Structures are given as C-alpha cells and as structure tokens.
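Please open the model in a viewer and keep the selection panel at hand. The stops below are arranged as a tour, each beginning with a selection.

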Amino acid sequence: MKGRPTVFALVTCGWMAVAWSSVQSQTQAPQTAPGPVRSSSPDIKPVLDKYCITCHSQRLKTAGVVLEGVDAANPAAGAELWERVITRLRARSMPPAGMPRPDEATYHAMATSLEAAIDRAWAANPNPGRIGAVHRLNRVEYNNAIRDLFALDVDVTTELPGDETADGSFDNFADVLSISTAHLERYLSVGRQVTRLAVGLPPAVPAVDRFEIPLHVVQEDLQSEDLPFGSRGGMAIRYDFPVDGEYVIKVRLRRQYQDYVMGMGWPQQLDVRLDGALIKRFTVGGEGKGRPAAASYAGDGEPGFAGDDEWEKYMQFGADAGLEVRIPVKAGPRLVGVSFVRQMWEPEGLPQPLQRGRVLTNDQIYMGYASVGALSIAGPYAAAGAKDTPSRRAIFVCEPRRAVDERGCAAKILTRIARLAYRRPATAADEQTLITFFATGRREGGSFDAGIQFALERLLVDPDFLLRVHRDPPSLQAGLGASARQAQRDAYRLSDLELASRLSFFLWNSIPDDRLLAAAERGQLSNQAVLEQQVRRMLADPRATRALVDNFAAQWLNLRRLREVVVDPNLYDDFDDSLLQAFGEETRLFLGSTLSEDRSVLDLLRANYTFVNERLARHYGIPGIYGSRFRRVTLTNLDQRGGLLGNGSILATTSYPNRTSPVLRGKWLLDNMFGTPPPPPPPGVNTTLEDPRGGALPPTMRERLAQHRTNAVCSTCHSAIDPLGFALENFDAIGGWRATDESGKPVDASGGLVSGDTVRGLAGLRALLLAEPEQFPRTVTAKLFAYALGRRLEYYDRPAVRQIVRDAAANDYRWSSLVIGIVKSPAFQMRASQVATN
Amino acid sequence: MSFLTAKALPRRTILRGLGATIALPFLDAMLPAASLRARAAAAPIHRFQTFYVPNGMAMEYWTPKGEGSAFELSPILEPLAPFRDQLQVLSGLKANWNYIHAGASGSFLTGTTRGGRTEVEIFADVSMDQLLARHFASDTQVASLELAMDPPNNAGACTGNLSCVYTHTLCWRSPTQPLPMEYNPRAVFEKLFGDTGSTEAAAREKRLREQKSILDSVTEKLTALRRQLGPEDQAKVSQYTESVRDVERRIAKAEQQAGLELPSLDQPQGVPPVFEDHLALMLDLQVLALQSDLTRVISFMIGKEQSARPYPQIGVPEAHHPLSHHSNVPELIERMSKINRYHVELFSKYVARLRATHDGDGSLLDHMTILYGAGISNSNAHSGDNLPLAVVGGGAGKLKGGRHLIYKDKPPMANLLVTLMDKLDVPIERLGGSTGHLQIDTVSGL
C-alpha cells in the first residue's frame, strides 16, 4: 500500500482537471462528467479492511454502520452509506483519535474517488427530491408580500405567530410550517388591519402605538442617520399615518431603578421633528425644587432617604409630563424624530466604572445625560380620509367617475392584485369571488373604497395567497400507460409559474414582481439563458441583499441569537446595548457588501476590511474613527481581526455571560463553517462547568475542559470540537482582543487537531478553512441550497452540492455563481414523483 | 344575565359552503338550551380569579386578631368589611419555593418547589389557572385571561441570578412555558371583543358576519384544493380546514353573546398614563369578561414583583420595592402598610362591583372564587413563611366565608391550590410540590 497512494493521488488530480476543464452549466442536468471511468474499487477495499472494519464489522455494527463486506466497486448503489463515509473522510473524524489512521493523501484520494463515482451516477439520473406539497408563507414572506402588493412598509411580523424551525434548519421549510387556529385568527385580523391601512380607511378608534428604546442603549451621540447633525440620542421612527388627521406625539424620558427620570439636574433641549422639520423644542430638566433624594440606594431605610415631596413629584412625573404635541398630519409614511440638542459634558478625567446591571442605578439621576425612553404616536383624531399615499397609488389604478363604472374598475383593480398575490393569471372564478366581496363591502361600508378593502381582506386569507402548492401533473396522478409512465417515472419539471415563485421566495423572500411573472406566463423560464438573466436581475435588486442577509445569513450563522446576548456587568463593565447593536450592524454590512459586490464567498473568511463606527472601533482597538456612522475600514492586522470569525456578533453569541466557551465556538465552526456538525452529547451529561472558587485566580479554560481529553467517551467528539474553539481564545466573551485570560496567564490559542497538526489563532483557523478550497464553498452551498429548496438536504442532494461548487470554481466561488448553480440544479427545477418517492 | 339563550344553533349554519364529507364534532351550542340549563343547575358555573399583590406585606397590619368566626379585621383588611361573610383569611401557609422575588410569583399558582438554576434556565410547573383553563376552554370563548399592570420591561437576570420571566408572570402553560401577562387594555379589549372598536352589539355582529362569509368562501376553495392533491399530501390542507372549523366554532359562540346588551365601552386607545385610570380600565374589562361569560379564569397582578411604583396619591411617594426593604423600622413598616391597604381598597371596590352584577341565580361574586394575596410575607427578609392569603367569594356555594383560619403545621401553599381545585369541581391529585389537601371547611372556631 505504500507506493500506491501517491500514484492514486496523481490519477485523482487528473480526473479533477478533466472535470474542471469541461464545465458547461447551461442545462438542467449537468453535462460535466467527473472524469473518465477508472475502477477504484481495489483501492477502497484494502483501506476499509485496514482501518475501518475493526469496529464497523458485521458483528459489532458500531454506530449502526457496517463496512465489512460492502460492495466498494459500486458506491453509487449504496450512496446513502457512502455519503456518510465521505463526510467522515472529509472531516478526518474517523478513525477516532487513538486508532491507526491513514495518511493525508489517502484520506483525500478515497473521498475524491467515492465522490467521483457517486457524482457520475447522479449526473446520469439525478434525484431532485420531493418538497412538501403545501408550503405556507412564513411571517417574513407574508410581510414582504404585503409590502410589494400595497407599497406599504409596515411590520406585521410581531402580529403573527412565530414560525417553527426544526433544529439547525431554516424557518422556510415546507414540512415544518404548520397552519393552526392561531395562525388563521391572526391572518384574519392582520388582513383587515393591513387592507384598511393600505386603502386609507380610518381606523374604528384612535390607537396609540408605542416605540421603546432598549434600556442600555447609550444616547451620548448622534443616534441615527435619520436625525440631524447637532443632535444627541433619541430615536427616529418611520411611521405610516393611516389617514389625514390630527395626531399626538408624546415623549417619555428614560428612568432609572427607582423610577426617577434621568439627567434632570440641568436643562437640556428636546426636539420633535416630522419629516425633518422641527415641530417643537422643549426644555427639560433643572427644575427640581427642594431637597433631593440620597445619591445612591444604600437601603439602610433611614427615614428621609427620599427627597422632599415636591422634588420627588418632579423627578417621577413632572419632568416629562408635558412632552407632547398635537399636530395635523397627512396620511402616508413619514419620519418622526425625537432627539436632544447636542450639548456635551467634558469627561472628568477620573476613571469611574460605569454603573450598569439589569437596571440603571440611582447615581445616574441628576447630572448625566437625559435620554429618551419611549415615543408614543396616538391618533387619528378629527380624521379625514386618506387621499394620496403610496399604497393608494399602488392599489387604485383606476377611479370610477360614475356609479356604473364602479364594477368595471373594481374588477380591474382586483384582478390585477390577484394575479400578483396568487402568483398566476387571475381566473374568472377569482374575479367572481372578489367582486362578490366587493359588492358586500360597498353596500355595508357605503363607499367604493370600502368595497375594495373588503375584497382585499378576502384575498389575503385565500389559500392561493397563503400557500405555495406543488401539484403533481395530472398525467402522473391519473395513472398512465406503461411507456408514458416510464418517461415521467422519476421526476417531473416544475411549471414556469411554480419556478417563478420558487425563485422570488428564494432571492427576495417575496412574491414575484410583474417582470418575472410575465416571463413565467410566457413560458420563457424554461429557456436557461432567460432564467439566468432573471436571476442576475433579481440579485442586483437591493431586496436580494436584504433578504439573503437578514434571513438566510442571519439563520445560517445563528445571528438572531444576538438580541438575546446577556453579559455579566461585573466582568465587562464597558458593555452596553449600543455595542450590541454595532455588532449586528457590522455583520449585516459586511455580509451585504460581499453580496452586492458579488464577491467570492471565500472573502467572508479572508476579507481585509470591515465596517465600524466609533463605538465598535474603540472596542476593536482601531484608532481614529469618530462618530456613530458606519464606514468601511481596511484592517491592518489580520491576525487580530478580519472576516466573519473576527466579528463581535459571532464571538458574543458563542459565549456565556461571564466566560468564553471553546465548545460553543468549536461547535459553531463545525456546524456553519466546516460543514461537519458534531453529534449531540450523550443523554444525561451535565454540561455546566463548575464555577471557579473565589480567592485564587481561576484555572485556564483549557484546564477546566480537561475532562474532554482524559475521558474517552468525551474525547470522541471533543477532540474535534475543542481545538477549534481554543484557536479563538484571544477573543473574550464580547469579542474583544485579549493577551491574557481570566487565569492571569497569556492566552494559549492553539488547538491540537486529530490529524496531529496544530491550529493557531485566528489566522491559523482561517488557513485551515481555506486549505481545501472547495470545503467552505460546499458548506455555504449546502446551507443556501436547503434554504432555496425549503427542505432538508438528503444524501442524494450532496452530489448536486459538489457539482455546483465544481462549476463555481471557474468564477472563484462568487455568490452569483453559487446562486445560479443552485437555480439550474435539478432539485430546484424538478420534483420527484410520488411513485418514485414510494 | 344568562348566556343560555333559547336559540340553539342550527347545524346547517356551519355546514354552508362545506363538503358533506367532513364530519363535524358535536358542539354544545347545538344542544337545545333547555338541556344545557338543566346541566347548569346540577353543576354550578365556577369562576376563578387571582388578584396578586407584590413585594410582600406589612404582616403586623395584615394578620387579623382572633381565630375562626370570631376574628377582628386588621387595618389592611378593613375595607373588605362589607364582604366579611364571603371572606376567609388564611394564616400559616408556606411558600413552596422561597427564593427572593422569583419564588414569590413563580410558585404562587404553580406550587413549584424550584425554578431554574441560572438566568437562562426557565423552569417551573403548570399553574392552577391553566389547568382550569383547559377544563373550561370548551365552554368559553377565551380560555383564560392573564393580565397585569406593568409591561415586561426587563430582560436577563432580575432577581438573584434568575431570569426576569419569573417576576413577569404567575401563569405557566407547561413547566417550560411561561405565559405573558397583557397590560395594554387595548389588546385585552381586542382579545375579548374583536377589532370593531367597541362593545356595541351591531358592530360586533357585523364583524362576525364578515368573518363568517370570508371563512365560508375560503372553505370552498380548500375543498377544491384538497381534491387536487394525493392522499399523502392532504394533511396540510386538513390542518387548514381544521383551523377554519375551529374559528367558525368560536364565531358561533361569539354570535350567541353578540346579542347581549353590554355596557357601552369603546376600545381603549392604549395604556393610560395615570395608575388609577389604567387600573379602572383593566378592572372594567375584567368585569365585562366575567359578566358576558367570555372567560371564567382570570389571573391579575396589580404589580409585578420588585415593582417600584410609587403611590403619591395616598401620601407614599417612595418607590414600593425599596420601601419594602424597611429594615424593620416601625415607621417605614407603617408607611408600607398604607400601600397594602390601598391595594385592598381598590380590590374591595372591584368586589363590590362583582356583588352588584347579576349572574344567573345570584351575583357574580356568589359564583366566584378569588384568591387574593402575596408570595412573600415579611418583605424585608423575602420571607416565605405565613403568607398573607385570603379567599373571597361564594365559590358557587362551596366556600364558607366569615372565618380566619390558622394553620399551625405550616402546610405548603400548593395544598391550598389543590383544595381550591376541588372546590371548583376540577379535582386534581397534585400540583407542584403539594403534599395533600388543606382542611378549610372545618377548622377550629366552627
């Protein structure tokens, strides 16, 4: 066996060269075959016999896997088993640590040879899988559909029940999205509210909408791009005023632990703006009379620890009692801004720990900055109708001048919207139903607009809107003669309309636009060139960047956990919500830049730039950045920052409130970067670490996790997980760089891999991920593929992933090449028949 | 008022628009009213409410002097004098889980003996009101109401190192599922009366009609859709159809009640800034909900644990929670007792309304079992011994009022909960860490 692997590797490289050079990606079924036929079975079986059968024998059946006596000559026939083998080979996770292992070249050669054999068979007869027949729109998709149908920028996701996610998957998986009574009730209620808002009917009673700023957001600087320069703190809200009328805007200031308004020891000016114009400027603060309360809550209960009554009343209610304006506003989306005029305090120069905890303490009551706590918008009062809003313009493509024109105009409006909402040409039955509801609404509501509203309310609850349905073609269902059935036995092509929906929900999380729908109606999407053109057009639309960043990437990288991050204020007294928000914004902008610039996905790891504002730059130790605006910076030390792995968001969401966790980080890396997720811990394992005893310096993280190395049951998995996490130990629990850890010793950011190599630090981790150029793109593709298909990937999808990545190599694995590869793959355009699945 | 009308719902009303292949469950509404009334006479309608006060109690001013029926109302309990004959004060019960503030609200209705161990571990037990809600769900439009006066503002660790969740709610649907308590009267209104904006009957009936017509039309489409799918794929559509039927059933119930003349109330716009106004609205809604039998289980917190609310209107402008840490200084205890008495005053006004509201063969109060109290006794020490508890109401004939019961053997509070479940005709074996039943019918003095 000694000389063989080298020869074998050369031969394999030859295959790969042939495969890459003959890439053509024009048709659905890939034309590139992965190289000439060369039987590899004599090479695989000896390796199995030598290294694998000791445990995976027919007698022992370790982990349910039997490799003794399998037919290694024809891997394609047992693809399900061999895919599992391939995963272990690629991850180098088998044989386990302590058992004899083949050398690097053998690993590579075996994996490649198996992949080649399976991929060849797949190319001849790809299995596209079968997505569930009924696929409900999730919350985000529903919200975006409303936005696109009615040009209405409202957030209804909070009004709808949460979407279920199966573990580690996405919230757009067909089989998991259920339809319950709660859903239906909410759809009925939301449909009514949204259509009334869109059409411009006044609400039944005035409402108060309240917007809060989280307690720990620091308001010492320009808070948002929507507020003017020279302002400090506050908030800017894009609010959709339902109808022309009068509205009351009321501001509540931030209070601390004992319900005192903060910062009332000196006068400050508070501005209220509408669409940038100053409505009113208030003076707040500096009017507390009498003796103040004790400066800090000592809890000794001495009578008189409260201030004089007058002072107490001012500090608890009086200070912000009159902060409201009542103004006439025209219907439509407008910007409401509340902020202080910028008057800065010179820092004392004395280092003082910022008092933070679950509440803001008593010390911060007087001479600090006042902050905005919440903004309420109440109304409409004295409501008139809504004449001209973006949503009315979107809906009312005609206006009936006389009563006789009403029906015709209604039909025009409603069938136009039905086509977009149902994602197919409107039928006579659609028109019939909607006109019936229009007539009822017209009669009961007394106006043309009321009729349109009621019909739209009906439309938003229609199954054709809420569900994406995949119907088997009639010929498959009916049962045909043998020959016709043979042709359609395995799979059938999705219709153009189904494909259009799939495409728009993939790239935009929303309904197809008119252009895409028109192309589908004309049957043009079966032309692969036209299809590619549409994909590129859609990717260039900013909706794609938003959807792929906020929905795909946020779930892939588990970034939605960011808002749940809690940090021990005793250890990280400099932490606040402004930093947390900055983490989220950095990652969002970074991911977005790679998409909008169509960069290689490898840039996610190796990029030498990121986005920071002053707060984040201070945290990262990047000098010379001032102001709250985010801007791109070039990073000079890629050993300390650079790429996703140096993002504070990811480092914070993979830590505990008071310490780092190499295990959480290692698992995150294996799940989301390497694509080789570890199995869950065995049941009954206590995973809480003992807290270090007070007094002496605590042990290092490595020492505390010693059991993972010494205990054989633990080390099977942890030998793969922990080293990766150790490589990131220079980053503390909130992503800051540190040279010494809580034990007082210099950080040892090295991890001993199962292969015997060592990975060191961020740079080492990055290099490890990039060592095999196809590895990371495969991980990204697999995740993106599942998201695009709306189902879990199965073993028979893995060849498709490999094919897509192979084809994308010529384009340096740019996002667009992965997306186009996915769209062109059989699983996206076809569906296995019920017969084939059975 | 009786929710039973002589009009039984014709089966045809629901079947309109539906294929005959789907079998309908037999709804109570289809029983002629007479038989329902007969059933009602045999099994009285119970209503259960919790009225929770936070931050412990000035026990020196709470505990009545004397025992049994010859007891003297204490300064804090004095406002309940008119209802003495439907009042039982219980002394000596112990909190099941005594841990600063989390245990107080966390075990009050659950009887759990422990919560989570860390800030991220959320764990208690099913609460008593939810067990009742499951039982009553088929009879009322809303299974239960969970209401509070404070928004759930905090996140992270609130008390000790445990999650704020324990102080935000009394109600747990399962050991790991705390239920949010609604503090916005607008949202409560919409939950009870829909989104028409008022309790006005015509508006509500119109809205119900609209919803029914939408659902009928949708059902036709669903039937057609189902036919186009193979048997294996029909499951999802069946889910959809099930939900449609469920909503239609609720609409049918709502229609029965829509014809009732209810006191006119517009949908509140939001949360009133003044405590009294806010409280008045929330209590109005509760009386309405009980009066119209929209629900029979209400859990209400007049303040959440660690509430820092000041009460300048009664001359106590200090924040409640800091004041509750009075270090046993007599003047400060007396000051805090004013807050406790104020809560009882507000509660007794509410009880008076319940007594004045007609309900079948008596008043609402006659059919109610109200649990008033706190999960902490001595606030300064967060003590869980000798909790301040009172049971108010007629309990549909099952409760004997006018007594002060003292339990010398310190039974856990969960035993009281189990006993109350018995009284409510929904017996259970065990709740949380209960060790048995509590004797509340024959204790010394009777």
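A polar contact is a pair of N or O atoms within 3.5 Å; within protein, one must be able to donate a hydrogen and the other to accept it, and residues adjacent in sequence count only if both atoms are side-chain atoms. By this rule, nine residue pairs are in polar contact across the interface of chain B and chain A, both residues of each pair being at pLDDT 80 or more. The model is a predicted one.

**First stop: the interface**

Select the residues of chain B and chain A that touch one another. Chain A contributes 61 residues to the contact, and chain B contributes 54 residues. The size of an interface is often given as the accessible area lost when the parts come together. For chain B and chain A the buried area is about 4,800 Å², and carbon and sulfur atoms give 57% of that area.

Next, display the charged side chains. Six salt bridges are counted between chain B and chain A. One of the salt bridges is formed by Glu210(B) with Arg192(A), whose closest N and O atoms lie 3.7 Å apart. On the side of chain B that touches chain A, the elements giving two or more residues are β4 (157-159), α7 (185-193), α8 (201-228), α9 (234-258), β10 (316-319) and α11 (320-324) of chain B. Colour α8(B) separately: α8(B) gives the most to this side, with 14 residues.

**Second stop: the cysteines**

How many disulfides does a search of the whole structure find over all chains? The search finds one. Select Cys398(A) and Cys409(A), which the disulfide joins with an S to S distance of 2.0 Å. Cys398(A) is in the loop between α8 (390-395) and α9 (406-422) of chain A, whereas Cys409(A) is in helix α9 of chain A, and the two are 11 residues apart. The link is right-handed, with 110 degrees about the S-S bond. Cys398(A) and Cys409(A) are both buried.

Now move to Cys714(A). Its closest cysteine sulfur, in Cys717(A), is 9.1 Å away, which is too far for a bond. Cys714(A) is partly exposed, at a relative accessible area of 21%. In chain B, select Cys171(B), which is buried with a relative accessible area of 0%.

Select residues 448-459 of chain A, the 12 residues of helix α11. At 1.5 Å a residue this helix should span 16 Å, and the 17 Å between its end C-alpha atoms agrees. Of the 12 residues of α11(A), 12 are buried, so the helix is largely enclosed by the rest of the structure.

Terms used:
Residues numbered from 1 in each chain as written. Chains lettered and ligands numbered in written order. Predicted model: local features only at pLDDT ≥ 70, side-chain atom pairs only at ≥ 80, totals over all residues. Heavy atoms only, no water. Helix = DSSP H or I, 4+ residues; strand = E, 2+ residues; numbered from the N terminus. Expected span 1.5 Å × (residues − 1). Buried < 20%, exposed > 50% of the residue type's maximum accessible area, 1.4 Å probe, protein only. Disulfide = S-S within 2.5 Å. Contact = heavy atoms within 4.5 Å. Buried area = accessible area lost by both parts, 1.4 Å probe. Salt bridge = Lys/Arg side-chain N within 4 Å of Asp/Glu carboxyl O.
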